[in-house]
Amino acid sequence: MRAYRMIEWGRAPEFQEVPVPTPGPGQVVVKMAGAGLCGSDLHVMHAPPGFWPQDPPFTLGHENAGTVSAVGSGVLDLSEGDGVLVSGVGFCGSCDRCVAGLQNECRHLVMAGYGIGRDGGLAEYILVDAHHAVPIGDLDPRLAAPLADAGATSYHAVREQLPRLRPGSTAAVIGVGGLGAYAVQYLEKLTAARVVALDTVDHRLADARRLGAEETVLSGADAAEQVRDVMGGPVDVVFDFVGATPTLRTAIDIIGVGGRVVVAGIGGGEVPMGWEKLPMNGHFINSTGFTPAEYREIAAMAAAGDLELRSTEFAFDDVEKGFAALREGTVEGRALVVF
């Protein structure tokens, strides 16, 4: 089969012919239907040696969905033909955190993930551990693929803050081109919070309003002042899906006493941190990953038509065009390779 693979650090990925995988005990093979392209893929492609714990060669692609095509021994809850999402975060399934339902806090998260060390989904088939494949019922796996990371990461970030987002509360979403667009939808569906969206692109802000944001601010040097103005004061919870130094500074500048900054963007930003650097009782949270239970919840929302799964599609042969569009910022919704 064809696969789009990292061969070595510092070298552009390329198509290669590799064997179709065969499942071992506790594993399944998934015939790919859709693979989302993500900024994390670009980070992997341009990473220096030693940045990631696992070295190439491996197949790229960590937002994966398809149908089970072969089942290994010992797998009881999946059958051939089942539509599944493949977890974008590896977890062992047996440590104390996993057993408690906190797979996003697995003691062994340093293990290779699909598309980052282990072979990912930019291929016709992907071999996965059965506990990483979550059934999605009648939801079209081709359209569902971006839920495997973008939809799930943003859902986990919002879900963890639901107790803080009571009626009368406020929330800000920084970066609404991908994960942030899902976050706006979750905030609109699950909370009574008043939401302001921030981005550098006008059409993304227009989309955010359509998806439920009451206010929008074009990011810039005075973004914090504008947010405080349109929201009538500080914001209770900020979700930063960019994570660059300017957005982190804006996030800290717009929270008040007891406010929370939830960072799920991997922009590599840094800000001074200390007891006096945040408002009184402020929180700075690194939100990473999600759980299989959350996968099932967002799949149910999507199947019920409660989520917009907007994407720009690329054929598998055109995966490099998809990555180019991702770099150039011309993608509407999520970039999606379809098989």
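First, the ground rules. The model is predicted, so to speak: local features need pLDDT of at least 70, side-chain atom pairs count only at pLDDT 80 or more, and totals for chains, interfaces and linings use all residues. Residues are numbered from 1 along each chain as its sequence is written, and side-chain values use heavy atoms, with hydrogens and water left out.Let's start with the sheet. It is open, has three strands in the order S2-S1-S4, and its pairing is antiparallel. Strand S2 (14-17) and strand S4 (58-59) are the edge strands; each has a single partner, so one side of each has no neighbour in the sheet. On terms: helices (H or I, at least four residues) and strands (E, at least two) are DSSP runs, numbered from the N terminus. Two strands pair if DSSP finds at least two bridges between them. In general, strands of a sheet pair through backbone hydrogen bonds, parallel or antiparallel.

Now the bridges. S1 and S2 pair over four of them, antiparallel. Alanine 3 has glutamine 16 in S2 as its bridge partner. Strand S1, residues 2-6, also pairs with S4, over two bridges and again antiparallel. Here methionine 6 partners phenylalanine 58, and arginine 5 partners threonine 59.

Is S1 enclosed or open to the outside? Four of its five residues are buried, so S1 is largely enclosed by the rest of the structure. The cut-offs: buried is under 20% relative accessible area, exposed is over 50%, and partly exposed is in between, with a 1.4 Å probe and protein chains only.

Next, the rings. The whole structure has nine aromatic pairs. Take phenylalanine 15 and phenylalanine 316: ring centres 5.3 Å apart, planes at 80 degrees, so the pair is edge-to-face. The pair links distant parts of the chain, 301 residues apart. Phenylalanine 15 is in strand S2, while phenylalanine 316 is in the loop between strand S17 (311-315) and helix H10 (319-328). The rule: rings of Phe, Tyr and Trp (its six-membered ring) pair if their centres lie within 6.5 Å; planes under 30 degrees apart are stacked, over 60 edge-to-face, the rest tilted.

Phenylalanine 15 is partly exposed, at 23% relative accessible area. Phenylalanine 316 is buried, at 9%. Both rings belong to one aromatic cluster: Tyr4, Phe15, Phe316, Phe323 and Phe339.

Which residue puts its charged end over the ring of phenylalanine 316? Arginine 2 does, 6.0 Å from the ring centre. Arginine 2 also lies over the face of phenylalanine 15, at 4.1 Å from that ring's centre. The test is NZ of Lys or CZ of Arg within 6 Å of the ring centre and within 35 degrees of the ring normal.

S9 gives the most, three residues. By class, the lining has 10 nonpolar, two polar and three charged residues.

There is one cavity of 30 Å³ or more. The largest cavity has a volume of about 170 Å³. It has 16 lining residues, with Val176, Gly177, Ala181, Arg310 and Gly333 nearest the centre. Helix H5 (179-190) and H6 are the elements giving two or more residues to this lining. H6 has the largest share, four residues. The classes here are five nonpolar, five polar and six charged.

The methods, quickly. On a 1 Å grid over the protein atoms alone, a cavity is a set of points where a 1.4 Å probe fits but cannot get out; a pocket is an open set with protein on both sides within 12 Å along at least five of seven lines; lining residues have an atom within 4 Å of a point. Grid points join across faces, edges and corners, and a volume is the space filled by probe spheres set on the points. Ala, Val, Leu, Ile, Met, Phe, Trp, Tyr, Cys and Pro count as nonpolar, Asp, Glu, Lys and Arg as charged, and the others, Gly among them, as polar.

Last, the backbone. The peptide bond from proline 56 to proline 57 is cis, with omega near 10 degrees. Proline 57 is in the loop between helix H1 (39-45) and S4. Asparagine 281 has a positive phi, near 60 degrees. Asparagine 281 is exposed, at 58% relative accessible area.
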